[in-house]
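Subject: Structure for you to look at

Hello,

Here is the model for your files, with the sequence.

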Amino acid sequence: MTMLRRFEIYSLDPKASQAKVAAMHASMRNAQRYIPEVLHSAVGRNESDVALHFVWEHAYESAQSYQRYMVHPYHANIYDRYLLNDSPERIVTDNSYDVGLLGYSCEAPIYLLPPGAARRLVLLRLAEGQADFFRAITAEAQSRNPQLILSVLAENTFGTRWLDGVTQILETTTYSHIWEQGYESLAAAAAAGSDWRASAGAAVEKVIELWYELDAGYEE
Amino acid sequence: MDLKPIYMVDTLAVKPEQQIAMLKLLREEGIPIMQDAGLELVGCYSTSPNLDEDVLIQVTWKASDHSAFNLIRKAFVTDPRWWSYSARASQLRTGGTRRFFYPAPMQMTA
């Protein structure tokens, strides 16, 4: 069974009411209460200087599970209310980063961190054929930093397949790969730095980094 | 409760002086885009602009169920016209709501 790992990343409207932001936060953090198919749901407030504010990370057991999520009434009733561009109650904004929805396939929950841990998310566009070279860089970065307790590099296959997680409906996506890192604390995630960039050179054509503490809707 | 068909009810609040501009935008862009995506227009109603308060414009759409709506959503989200329409509509409105309604289970009432 192939799992789907998924991220939604948003910039928030500065004029949005705190009550609505809190309601969206709770609806995503606690997604599994409403849609059983949503696994390992957690939200976080980005602390990097990238002007993206809110991350919702989660997963699905299979493409079929994801397809049930997409047609679940809670999705249209609640999530679309805050997110869709034509919704009168939208609280997110367009942004120049072209992120929105990203993710990848995996055989097991290799991404899982305990509640309260921190994520550092590196979104990358790698030059053609550079994935193996960059994978070695991620391994080297992990070997140098004992605070880096989890490291997953994967191809971003979700950005172009958001409808059902399988069928490609868009030609391309801005970030070809996702490097998700785990740390025991937000301070460790913030301090990790990006020394790896010097080794990567021209293999990385575009990159942004976000870090946040996990407010998890699941238990350890 | 049987959650089909579904009625998507948008209530758009606008300043009285923006009522006609919003209705024009709906008639010329919003409604054609959503109909092309597969939604059925049930009705469009407005409160009076003469009450010294925001005008409410209520647009009701219908789809057969949430599976059908998922495909309709894909159609309008991938339509470049929807992005431009949505940006302009957001400049006109002062607030509002989006709610989904379903046939009320009247036979279950006392």
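The lining of the second largest pocket draws most on α3(B), which gives 5 residues. Helices (H or I, at least four residues) and strands (E, at least two) are DSSP runs, numbered from the N terminus.

This is a predicted model, in which local features need pLDDT of at least 70, side-chain atom pairs count only at pLDDT 80 or more, and totals for chains, interfaces and linings use all residues. Residues are numbered from 1 along each chain as its sequence is written, chains are lettered from A and ligands numbered from 1 in the order in which they are written, and side-chain values use heavy atoms, with hydrogens and water left out.

The second largest pocket has a volume of about 530 Å³. Among its 22 lining residues, D13(A), P88(A), R90(A), S90(B) and R93(B) are the closest to its centre. A pocket here is an open set of points on a 1 Å grid over the protein atoms alone, where a 1.4 Å probe fits, with protein on both sides within 12 Å along at least five of seven lines; lining residues have an atom within 4 Å of a point. Volume is the space filled by probe spheres set on the points, which are joined across faces, edges and corners.

The largest pocket holds about 920 Å³. Of its 35 lining residues, V99(A), G100(A), L101(A), V77(B) and W83(B) lie closest to the centre.

W196(A) sits in helix α7 (residues 196-200) of chain A.

Regards
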